[in-house]
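Open your viewer and get ready to select residues by number. Each stop says what to pick and what you will find there.

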Amino acid sequence: MHRIAATPGGWNPQGEGVIVIEQTPAPIIFMTAADTDIQTITASTTQLPVEFPAIRVVNLLHLQQQLTIDTYAETVLAFAQIIILRLLGGRSYWSYGLEVVQETVQQTGATLIVLPGDDRYDSDLIGHSTVALAEANQLWRYFTEGGVENFTNALEFIADLCLGKNYNPLPPKPVPRVGIYPWGVGSG
């Protein structure tokens, strides 16, 4: 599956080197370019049941070279049961990676959920998912609302849906977009 661009201006192994993501496979892979997603998933894992399936998170900013994407697909994604991909900027942001992930899913039969990385609905992006639209939308709502509780419930939701678990998470809980912080109240 290695496809190196043969056009000038592409990857230069002498100047840039190759980035290799050293990560072990897991049933659930979460891919995003948002540091807040990564931090929230990390905090959410402490709220999950002890027997919850293993999760790996990768920052898409480290998956920019075609060789890096291909290698990650072969060493990690090929063993996943669920791949959640959140893309900021739509499909064109990471088109080669999306193509490789889709090919991997076709070969392995894993579940793929492709979601916008923000609160703007993108039917083209969500349409690449292998789950029903309503299920992809619910997962997207968990992530759009944000917060540790919603991310924890999102992970339980996807485990119930795709891995036959029975966590029965709460639906996405709206988180206020604005609020007032009372400075000085309670300190003293």
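Predicted model: local features only at pLDDT ≥ 70, side-chain atom pairs only at ≥ 80, totals over all residues.

Select Arg91 and Asp124. Their side chains meet in a salt bridge, at 3.4 Å from N to O. Now look at where each one sits. Arg91 is in the loop between S3 and helix H3 (95-108), while Asp124 belongs to helix H4 (residues 123-126), so this pair ties together parts that are 33 residues apart in sequence.

**Next stop: Glu149 and Lys173**

Select both. Here a salt bridge joins the two side chains, at 3.6 Å from N to O. Glu149 lies in helix H6 (residues 148-163) and Lys173 in the segment after H6, so the pair ties together parts 24 residues apart in sequence. Colour by accessibility if you can. Glu149 is partly exposed, with a relative accessible area of 40%. Lys173 is partly exposed as well, with a value of 44%.

**Next stop: Asp37 and Arg86**

Select this pair. How far is N from O in the salt bridge between them? The distance is 2.9 Å. Asp37 sits in helix H1 and Arg86 in strand S3, which places them 49 residues apart, in distant parts of the chain. Both Asp37 and Arg86 are buried. That cut-off is under 20% relative accessible area. In total, the model has 4 salt bridges.

**Next stop: the sheet**

Arg86 has brought you to strand S3. Show the cartoon and find the strands. There are 4 of them in an open sheet, in the order S2-S1-S3-S4, with parallel pairing. Which strands stand at the edges? They are S2 (55-59) and S4 (111-116). Each has a single partner strand, so one side of each is left without a neighbour in the sheet. On average, neighbouring strands are turned by 15° against each other, direction ignored.

Zoom in on S1 (residues 28-32) and S3 (residues 82-87). These two pair in the parallel sense over 4 bridges. Select Phe30 to see one partner: its bridge partner in S3 is Ile84. Strands of a sheet pair through backbone hydrogen bonds.

**Last stop: two helices on the sheet**

Select helix H1 (residues 35-45). H1 lies across S1, S2 and S3, and runs at about 165° to S2. Then select helix H5 (residues 133-145). H5 lies across S1, S3 and S4, running at about 50° to S4.

How values were computed:
Residues numbered from 1 in each chain as written. Heavy atoms only, no water. Pairing = 2+ DSSP bridges. Axes fitted to C-alpha atoms, helices over the stretch in contact; angles between N-to-C directions. Contact = heavy atoms within 4.5 Å. Buried < 20%, exposed > 50% of the residue type's maximum accessible area, 1.4 Å probe, protein only.
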